[in-house]
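Please examine the sequence and the model below.

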Amino acid sequence: MSLPALPSLRLLARRVVPAVLAAQVVLAAAPPASAVPAAAGCTPAACGSVIVAPLSQAPPDKGPCTSPEPVVCMIRSETPKERRVSRDQRIRYHGLLEDMERKACRMRARGRSEEDIARTLVQMRNDAKDIVRAGMTPQQVAELEARNQAKYGNPLGPTAEQLYAKYGSWEEVSAAATRTSEAVDHELGLEFRHCSCDALRAA
């Protein structure tokens, strides 16, 4: 079965991520929790991106990182202002994950196979990573891409085939594709709550 046409990276970036993300120095600070919707189309506190804790105001940590997650180490080495930028980017990334869940709901309603859905979600996730990384420094991008290249042979992350070999079912691949790093979210005072198809349809 052929896959549905995916939105181009350029169109997705224009719709979801403002071009200003490409330069951190001109980004405004993320709005306070009361001004940030939990996620586009979801009821606050029910699903989507939710701010659950304040950002750390500690100075950049230049010592050895105790976290196994490279992105957490990067966040801890940032200034408080840079962390606000990172949280703003993370909220947008969560919005892209919600778009993926919405896409999966539509595809299942139309009777598409679990393999088609999983492959589409993996591609969307890797596209989303590429968009969000537009707001990172070249050094940060290089570090993340080197880690993924060494681990998966792909600078953007694992392929659908690699995930299927790991999890053994296309349903699990779809679940993995829409999973977010809890360690990174926690470091930025965020939580991503998955949306049910009913919640997305009601939005």
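A residue counts as buried when its relative accessible area is under 20%, as exposed when the value is over 50%, and as partly exposed in between. The model discussed here is predicted. With a relative accessibility of 3%, Gly 189 falls under the 20% limit and therefore counts as buried. This glycine is placed in the loop between helix H8 (182–187) and strand E2 (190–193). Beyond its neighbours within four places in sequence, Gly 189 is in contact with Val 50, Ile 51, Val 52 and Ala 53. Val 50 and Gly 189 are 139 residues apart along the chain, yet 8.6 Å separates their C-alpha atoms.

How many salt bridges does the count come to? The count comes to 11. One of them joins the side chains of Glu 98 and Arg 102, with an N to O distance of 3.0 Å. Both residues belong to helix H3, where a spacing of four residues corresponds to about one turn of the helix. Glu 98 has a relative accessibility of 1%, so this residue counts as buried.

A further salt bridge, at 2.5 Å from N to O, is formed by the side chains of Arg 119 and Glu 161. This pair links distant parts of the chain, since Arg 119 lies in helix H4 and Glu 161 in helix H6, 42 residues apart. Arg 119 has a relative accessible area of 23% and is therefore partly exposed; Glu 161, at 44% relative accessibility, also counts as partly exposed.

Glu 191 and Arg 193 also meet through their side chains in a salt bridge, at 2.7 Å from N to O. Glu 191 counts as partly exposed at 34% relative accessibility, and Arg 193 counts as partly exposed at 23%. Elsewhere, salt bridges with shared partners join Glu 98, Asp 99 and Arg 102 into one network.

The remaining topic is the largest pocket, which has a volume of about 900 Å³. Its lining comprises 35 residues, of which Tyr 93, Arg 125, Lys 129, Arg 147 and Ser 181 are the closest to the centre. At least two lining residues are supplied by each of helices H2 (70–76), H3 (80–109), H4 (114–132), H5 (138–152), H6 (160–167) and H7 (170–177). Which helix gives the largest share of the lining? That share, six residues, comes from H5. By residue class, the lining divides into 16 nonpolar, nine polar and 10 charged residues.

Note on methods
Residues are numbered from 1 along each chain as its sequence is written. This is a predicted model: local features need pLDDT of at least 70, side-chain atom pairs count only at pLDDT 80 or more; totals for chains, interfaces and linings use all residues. Side-chain values use heavy atoms; hydrogens and water are left out. On a 1 Å grid over the protein atoms alone, a cavity is a set of points where a 1.4 Å probe fits but cannot get out, and a pocket is an open set with protein on both sides within 12 Å along at least five of seven lines; lining residues have an atom within 4 Å of a point. Grid points are joined across faces, edges and corners, and a volume is the space filled by probe spheres set on the points. Ala, Val, Leu, Ile, Met, Phe, Trp, Tyr, Cys and Pro count as nonpolar, Asp, Glu, Lys and Arg as charged, and the others, Gly among them, as polar. Buried means under 20% relative accessible area, exposed over 50%, partly exposed in between (1.4 Å probe, protein chains only). Contact means heavy atoms within 4.5 Å. A salt bridge is a side-chain nitrogen of Lys or Arg within 4 Å of a carboxyl oxygen of Asp or Glu.
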